[in-house]
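Have the structure open as you read.

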Amino acid sequence: MKNRTRKQMAAIGKEKADIVLKGGNVVNVFTEEIIKEDVAIVEDTIVGVGDYEGKREIDCTGKYIVPGFIDAHMHIESTMVMPNELAKSILKWGTTTLIADPHEIVNVKGEKALDFLLDAAENVPLNIYIMIPSSVPATKFDTNGAGKFLAKDMRKYREHPGVLGLGEVMCFRDVIENKVEIMDKIDLFEDKIIDGHAPGILGKEIQAYRMAGVDNDHECTNFSEVVEKMRAGFHILIREGSGAKNLGTIVQGLIRNNLPLEQCMFCTDDKHLDDIAREGHISFNVKKAISLGVPPVKAVKMATYYPAGFYGLKNHGAIAAGYMADIAVLKDLNQVNIDFVLKSGNIVDNDYLSLFKYKIKDREMLNTVVFNPLNEDRLILKRKEKNHVMEIVKEQLTTEHLFEEIPGSGDVFVPNREYNKLCVIERYGKTGNIGVAPLKGFGMENGALATTVSHDSHNIIAAGDNDRDIITAVNYLKELQGGYVIASEGKVIASLPLPIGGLISNLSAGEVQKKTKIMIDIAKNMGVDEGIDPFITLSFMALPVIPEIRLTDKGLVDVKKFKFID
């Protein structure tokens, strides 16, 4: 430990600490007590909890001192800003550590993208740990930009100090069937953490998935699934983001059935900056869990001590000597009302945040959208007596597979507000594929949305009630080199450029948040239903590893049967 002697002298009281938080209520995650004590800090480390003097003393009387929060699973790309900008949005809510899976941008540019993100994550006021993407591409059902990212490509990253293990293993069918390609990756990381992704997989299949070495799951949407996976030894990452809101159902079930919480931790997975600004980040998960009956100290542990222990983050997740001085000071514990935050012993303010900047070094990351201009002939969908329809499930990422009559003229599908047209356009200049299907429950009227954020291969996805606006929105994405677009009456009415891999903005967090909020409000005013995040929900309609039905550039996929729909 750097400067250990000085820190020990301060710990024993022979030297003054740099900072002392005086007289606060310290949440002790080891004993689950709340004790009125001082917290002494030297440089980036807590050196003691007790009675201390400091060169700088901050009165914390009546306040609560808790460890910085940990997001146990998220995708930096889904926030649409660079890591140094993301810090500005989440540090003020007490989040100091991220476990990030960069499979979004690695699907776009492979190793170049991984190197880019590892580099961008180094000089930031956050602890960012990376899980190496396991499923690039996620399936054989769509076209990505990078091609395959294999075990041999991963080997050189295995011992990187910022890498903790293997990212979410979405190709769960391949794991269950013991396919060589994914098992080679699992074998490479067998002594590290292996993240899971297995929505709705139960019975002997979940036993086989666990037997393969997968350690956790963040895709549970109901309590019965949680129980079965906990019994099988999985740790449960309870997700509350912008598109998927699973916390209420899961936590209520855990409390009602008096189950232990030690196997549980919190994550956001995908959360918009606007939602973070309005609700909070992991602080929101903690607050909501407390409101549902989780004892406050337990809720804090689910956001700190439990994920730190699970991911092997030594010296993270507690207020104690030798632990990182990543601290949130709360005005109120039950409401998780943040007063101020320390990161590595520094008070988080604008001056501190302004020290961290990043300049893009690889210009290839800025040119990833390549496709021929779209026209109406490419969007024709034949109407039959009944057609396969994708229906959105509100506040979830799952869909319903319907087979019913759709509107149209003769044998051609004509969309309306009830049945929008969903399109996925290959955007890497490889195949020119376009998939088209009816989408129920989105509700767009007199317009269309289009985006290059389309999990996980990140082709262009668009939805609307008429072809003209779909084409207008999609074609404008090529000019932007990626982003969000809304079109109405043949004109672009709002846009957010995301030129870095078609996923990330080069704007500030504040600018991205402002533009995103405006576009979400416009989409809602154009009919997108409540309970649906217009862009995040849409972005998951092309991910063929979440039931029941998805659309890719190659066509409709029945996720339960894991095959294309004729």
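## Around Pro125

Pro125 touches Ala87, Leu91, Lys343, Tyr352, Leu353 and Phe356, leaving out residues up to four places away in sequence; contact here means heavy atoms within 4.5 Å. Bear in mind that this is a predicted model: local features need pLDDT of at least 70, side-chain atom pairs count only at pLDDT 80 or more, and totals for chains, interfaces and linings use all residues. Residues are numbered from 1 along each chain as its sequence is written, and side-chain values use heavy atoms, with hydrogens and water left out.

Pro125 sits in the loop between helix H3 (103-120) and E8. Helices (H or I, at least four residues) and strands (E, at least two) are DSSP runs, numbered from the N terminus. With a relative accessible area of 1%, Pro125 is buried; the label buried means under 20% relative accessible area, exposed means over 50%, and partly exposed is in between, using a 1.4 Å probe and protein chains only. Ser354 is 229 residues from Pro125 along the chain, yet their C-alpha atoms are separated by 10 Å.

## The parallel sheet

Five strands make an open sheet in the order E6-E7-E8-E9-E10, with parallel pairing. Its edge strands are E6 (69-74) and E10 (193-196), each pairing on one side only. From one strand to the next, the twist averages 30°. Two strands count as paired if DSSP finds at least two bridges between them. In general, strands of a sheet pair through backbone hydrogen bonds, either parallel or antiparallel.

Looking inside the sheet, E7 (residues 95-100) runs parallel to E8 and is joined to it by four bridges. Ala100 stands opposite Ile130 in E8.

Which residues of helix H6 (residues 180-188) are buried? They are Ile182, Met183, Lys185, Ile186 and Leu188. Their cover includes H4, strand E9 (163-169), helix H5 (172-176) and E10.

Helix H11 (residues 282-291) lies across E6 and E7, running at about 105° to E6. For such angles, axes are lines fitted to C-alpha atoms, for helices over the stretch in contact, and values run from 0 to 180 degrees between N-to-C directions. Ala289 belongs to H11 and is buried, with a relative accessible area of 0%. Setting aside residues up to four places away in sequence, Ala289 touches Leu247, Val251, Phe266, Val294 and Ala299. Val370 is another story: Ala289 and Val370 are 81 residues apart in sequence and 44 Å apart in space, C-alpha to C-alpha.

## Two buried loop residues

Asn144 is in the loop between strand E8 (127-132) and helix H4 (151-154). Is Asn144 buried or exposed? Asn144 counts as buried, because its relative accessibility is 4%. Its side chain makes a polar contact of 2.9 Å with the side chain of Asn107. A polar contact is a pair of N or O atoms within 3.5 Å; within protein, one must be able to donate a hydrogen and the other to accept it, and residues adjacent in sequence count only if both atoms are side-chain atoms. A polar atom of the Asn144 side chain also lies 2.8 Å from the backbone nitrogen of Gly147. Not counting residues up to four places away in sequence, Asn144 touches Asn107, Val136, Pro137, Tyr428, Lys430 and Ser457.

Thr452 is in the loop between strand E23 (448-451) and strand E24 (460-464), and at 0% relative accessibility Thr452 counts as buried. A polar atom of its side chain lies 2.9 Å from the backbone nitrogen of Gly483. Beyond neighbours within four places in sequence, the contacts of Thr452 include Val369, Arg427, His458, Leu477 and Gly502.

## Domains and annotations

The protein is divided into domain 1 (4-62), domain 2 (69-293) and domain 3 (367-564), with bounds that come from an automatic or database domain assignment. The C-alpha centres of domain 2 and domain 3 lie 24 Å apart. Their contact takes 45 residues from domain 2 and 49 residues from domain 3.

UniProt, in an unreviewed entry, gives "domain: Amidohydrolase-related" for residues 64-348. That span is 36% helix and 21% strand, with its end C-alpha atoms 17 Å apart. UniProt positions are given in the numbering used here, feature names are shortened, and annotations may be inferred rather than shown by experiment.
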